[in-house]
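Work through the exercises below with the sequence and the model open. Each task is followed by its solution in steps.

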Amino acid sequence: MDYYRLEYSEQQGRFHFNSGSVAANINGWKTVCNVLSYEQCSEFAELVIDKYPSTNPCNDFQNTGVYPSFELIKQEFVQFLLSSPHIH
């Protein structure tokens, strides 16, 4: 199974699934979690998109340029871990 470093950009309101080919915490990306499966990254990103529509790259009309802070994303990630049955 391939694993990824899940990263988030406050400036873009987007996630990056870093396969390790790019150094961590550069170009505005901050590490949310160092090791996740693609499925886990996708599941968390979808949860955030559902809760914070401005982070959906397909909804340009909702893109306000105001995105959740990295700290808020980290809090959401902790809740994601606590509520995910396959993570425990």
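**Exercise 1. Is T55 buried or exposed, and which residues does T55 contact?**

Step 1. T55 has a relative accessible area of 2%. Buried means under 20%, exposed over 50% and partly exposed in between, with a 1.4 Å probe and protein chains only. T55 is therefore buried.

Step 2. The model is predicted, so local features need pLDDT of at least 70 and side-chain atom pairs count only at pLDDT 80 or more, while totals for chains, interfaces and linings use all residues. Residues are numbered from 1 along each chain as its sequence is written, and side-chain values use heavy atoms, without hydrogens and water.

Step 3. Locate T55: the residue lies in the loop between α1 (38-51) and α2 (70-83). Helices (H or I, at least four residues) and strands (E, at least two) are DSSP runs numbered from the N terminus.

Step 4. List the contacts, meaning heavy atoms within 4.5 Å. Setting aside neighbours within four places in sequence, T55 contacts Y8, G13, R14, V48, I49 and P68.

**Exercise 2. Describe the pairing of β1 and β2.**

Step 1. Strands β1 (residues 3-9) and β2 (residues 14-18) run antiparallel and are joined by five bridges. Two strands pair if DSSP finds at least two bridges between them.

Step 2. S9 has R14 in β2 as its bridge partner.

Step 3. Four residues sit between the strands of this hairpin, and G13 takes a positive phi near 65°.

**Exercise 3. How exposed is L47, and which residues does L47 touch?**

Step 1. L47 belongs to helix α1. Its relative accessibility is 34%, so L47 counts as partly exposed.

Step 2. Not counting residues up to four places away in sequence, L47 touches E76 and F80.

Step 3. Between L47 and I73 there are 11 Å from C-alpha to C-alpha, at a sequence distance of 26 residues.

**Exercise 4. What is the overall layout of the chain, and how does its radius of gyration fit a compact globule?**

Step 1. The chain has two helices and three strands, in the order β-β-β-α-α.

Step 2. The rule for a globule is 2.2 Å times the number of residues to the power 0.38, and the radius is taken over C-alpha atoms. For 88 residues a compact globule would have a radius near 12 Å; the chain has 13 Å, which agrees.

Step 3. The C-alpha trace spans about 35 × 30 × 20 Å along its principal axes, and 40% of the 88 residues count as buried.

Step 4. Of the contacts with a separation of 6 or more, 58% come from residues 24 or more positions apart.
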